[in-house]
Amino acid sequence: MSKIGALIFGFNEYSLEIANNIGHKFGEIEIFSMSGAKEALEKEFAYPINRFDLSEDWGDLNERFDMEKSTAFCTLDDTAENIFLTISLRSSFKNLIIIAIAQNKESADKLSLAGANKVIPLVQTTSAMIADMLDKPVITEVLHNILYEKSSLKIAQIRVDKDDYFDGKYPTDIEWSREHGVIVLSVMHEDMSSEFIYSSKAKHHAIKNGDIFVVVGYERDIEEFEKLIGSRCDVSWSHWSR
Amino acid sequence: MFKGWIVDIAYAINVSDSYIQTKRFFYNLLENDSYRFKKYFDMVMMALIFASVFIFIREVKYHVDDSLLFFNNIIISLIFLAEYLLRFWISSSITEVIIEQSEYDLMLSREFRLSKALRKIARQKLEYILSIRAIIDLLAILPFFHQFRLLRIFILFRVFKLFRYARSFQTFVSVLATKKFEFLTLSIFASIVIFVSSVLIYVMEANNPDSPVNTLYDAIYWSIVTISTVGYGDITPITYEGRMVAMIVIIAGIAVLAFTTSLAVSAFTEKLDEIKETKTVDDISKLKKFYIICGYEHISKEVAKQLVKNSNSLIVLDEDPKRVENAKSDGFVALNYDPGNIDSYKRLNIDLQRQVKAILCLRESDVENVYTTLTVRSIHKKIYILSLLMKEEHRNKLLYAGVNEIVYPKELVGMIAREFVGKPVAFEVIHALRSDYTNINIEEIIITPRMLRNAPLVADLHNARYRVILLGVYKKERKRFFFNPIDSTILEEGDYLVVIGNVLFIREFERSLYR
């Protein structure tokens with residue numbers, strides 16, 4: 001039976017960092033390297049390392065993984081090769097989630113065109129982080145702690161399953177922070193458009209089943225809130241691509 | 001006994017705080033270009049000079065009020081006299097010479113030689129008095145003796161004093177001084193041509209009754225007018241031989257003029273970069289709060305753009321001229337200084353503690369960043385340093401060198417990937433809050449005493465009324481973030497409110513706190 005896994009293309013520091021960070025989400029993580037020179041490291045490395053070349057038709061992958069639900073990370077050092085790899089994967093697997101790394105904004109645009117669901121432009125991401133750390137140090141620290149779970153504060157996505165609890169109320173009618181100890185940042189509707197909680201659209205949209213709230217709060221409060229209105233949900237990338 | 005007193009007095013003066021402070025104040029005011037009040041002092045002095053010259057010109061043909069004459073002859077002269085005496089005072093230190101001599105003699109176990117110290121003091125002071133600047137200053141005071149009519153012409157020396165206050169003129173002179181040898185050679189050539197042609201024209205024309213050249217003075221005047229290519233035409237040679245001389249002088253004149261012009265131009269071209277650099281350093285020293293970006297590569301370029309977009313000032317230092325050119329063409333203030341060299345920071349003439357917000361070591365090389373960090377740390381222990389880390393194994397080295405904050409792009413990618421696959425919606429929401437693409441922002445508002453009077457408690461903020469979410473309060477004192485604070489939370493000066501909302505609503509909310 002084919003498995004859902006994370007396929008990381010490229011054997012470098014980026015791919016190792018990614019592998020170390022996504023272990024909680026994927027049971028199967030495999031690294032694909034174009035050069036065999038570093039395979040000696042495999043013995044010391046926790047993840048299996050496979051060899052590949054850009055001319056492959058990926059038939060082998062199709063047999064081993066459920067490519068509809070798996071995620072591929074394209075982290076090749078050479079931009080042109082990375083773009084070629086992305087196109088090659090996308091042409092073979094329509095629904096594969098592809099996350100690619102780009103050196104700059106220009107190659108990020110090309111990778112998006114090549115079919116990547118999400119691109120991380122390294123230079124822009126790092127510089128934005130540095131500028132934020134200098135200009136808005138408090139916010140950066142707070143968000144960093146929330147997002148990367150370095151404090152007891154968490155951010156979660158909660159799907160509304162019990163809309164009778166709200167009884168046709170609008171999101172702004174409820175004092176979330178006072179009543180539930182959580183702060184609702186935004187509401188994602190069934191049509192997958194995400195709205196800020198105080199936006200005029202969210203204001204005039206009665207809460208109903210299927211809405212997803214993005215909430216910030218302490219783990220216990222989030223759990224309580226979750227029991228009350230629905231369940232924590234994972235939104236698949238296939239549903240979420242801009 | 002007497003000598004002992006003198007040494008004691010010298011020591012007492014040399015350690016007196018008020019004496020040191022007073023002398024430093026006048027030194028800064030008169031000589032230190034980076035002292036912020038000097039420019040005002042210079043402006044006042046320049047205004048006095050212009051006023052003085054204006055009165056002088058007016059007096060030639062019209063009656064000038066006695067009070068104005070009193071102001072010109074007495075007040076301005078007294079001010080200039082005071083300035084002259086102050087400059088004389090700060091030009092060298094008498095007490096230090098006495099102390100130095102006494103310690104020297106003491107070390108050699110012999111009696112203090114006062115006469116030697118006095119000779120040294122006299123030499124130093126005389127050196128100052130005989131300097132061109134001091135002579136001009138002194139001559140500018142002379143119109144004080146207005147009863148001697150001849151001395152009044154010295155008022156024009158006040159115009160020369162202008163050069164002391166106009167730095168552009170000093171730059172001009174210093175640039176031309178680099179071509180001293182060339183100018184000297186040229187002037188010798190011109191002098192010889194003038195001398196020879198004057199003598200020749202005198203010999204050829206003086207005996208001709210129709211010729212306007214009658215004296216050697218006429219001949220020299222004609223030579224200078226001709227060689228300078230001015231050629232008034234009031235004196236012209238009429239003899240065949242005289243005209244031959246004229247042709248030679250005209251040709252020599254063109255050569256002299258062309259050489260002079262090209263010398264001045266080449267002097268300026270060669271010094272242009274230096275002049276620009278001096279101007280840039282001067283501008284930098286006037287900045288109040290700015291970032292220093294060390295190294296101009298991909299990431300630093302983007303960081304610089306972001307910081308400038310958020311209304312920050314910054315300067316770029318890089319040892320590579322090409323990268324400096326790139327930074328300049330991108331519109332940043334950049335200097336071709338090596339950020340890893342202590343001398344670079346000294347040449348900048350800035351107060352790191354007061355003027356610099358942070359030093360950003362953004363070279364994409366850990367070796368360079370460690371080196372720069374160590375350099376900065378060696379001159380300032382407390383300044384905030386942020387550095388880029390390219391390889392994890394070098395993290396400890398950067399920390400050991402004294403970096404306050406490290407940004408490791410690979411770690412960032414790992415964390416982003418973690419969130420991407422885990423909570424994409426939450427990630428996008430946070431990302432949208434931080435980016436400028438949407439109108440919804442997350443911002444920090446610092447609590448001021450005025451805000452505290454209006455809203456001492458969280459309940460008094462009424463943020464919901466402005467459709468603004470209060471995510472929490474960051475207590476600066478405790479360095480702790482209080483998420484979703486209860487209404488009775490007491491706000492303190494210096495706390496940060498972390499709020500989320502539409503940019504306009506946040507502004508409105510902020511304004512409401514000031515009302």
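This is a predicted model: local features need pLDDT of at least 70, side-chain atom pairs count only at pLDDT 80 or more; totals for chains, interfaces and linings use all residues.
Begin by colouring chain A and chain B separately, and then select the residues where they touch: 69 residues of chain A are in contact with 67 residues of chain B. The size of an interface is often given as the accessible area lost when the parts come together. Here chain A and chain B bury about 6,300 Å² between them, and 70% of that area is on carbon and sulfur atoms.

Next, show the side chains of A:Glu13 and B:Lys410, which meet in a salt bridge with an N to O distance of 3.2 Å. The count of salt bridges between chain A and chain B is 2, while the count of residue pairs in polar contact, both at pLDDT 80 or more, is 6. Now select helix H5, residues 122–135 of chain A, which supplies 14 residues, the largest share of the side of chain A that touches chain B. Taken by class, that side of chain A has 40 nonpolar, 15 polar and 14 charged residues.

For the largest cavity, which holds about 90 Å³ of space, select its lining residues, among them A:Tyr14, A:Asp77, A:Asn82, A:Ile101 and A:Leu122. Helix H3 (79–92) and strand E5 (97–102) of chain A are the elements that give two or more residues to this lining.

Finally, select A:Asp132, A:Lys136, A:Ile139, A:Thr140, B:Arg434 and B:Ile442, which line the second largest cavity, a space of about 50 Å³. By class, this lining has 2 nonpolar, 1 polar and 3 charged residues.

Definitions and conventions. Residues are numbered from 1 along each chain as its sequence is written. Chains are lettered from A and ligands numbered from 1 in the order in which they are written. Side-chain values use heavy atoms; hydrogens and water are left out. Contact means heavy atoms within 4.5 Å. Buried area is the accessible area (1.4 Å probe) that two parts lose on being put together, summed over both. A salt bridge is a side-chain nitrogen of Lys or Arg within 4 Å of a carboxyl oxygen of Asp or Glu. A polar contact is a pair of N or O atoms within 3.5 Å; within protein, one must be able to donate a hydrogen and the other to accept it, and residues adjacent in sequence count only if both atoms are side-chain atoms. Helices (H or I, at least four residues) and strands (E, at least two) are DSSP runs, numbered from the N terminus. Ala, Val, Leu, Ile, Met, Phe, Trp, Tyr, Cys and Pro count as nonpolar, Asp, Glu, Lys and Arg as charged, and the others, Gly among them, as polar. On a 1 Å grid over the protein atoms alone, a cavity is a set of points where a 1.4 Å probe fits but cannot get out, and a pocket is an open set with protein on both sides within 12 Å along at least five of seven lines; lining residues have an atom within 4 Å of a point. Grid points are joined across faces, edges and corners, and a volume is the space filled by probe spheres set on the points.
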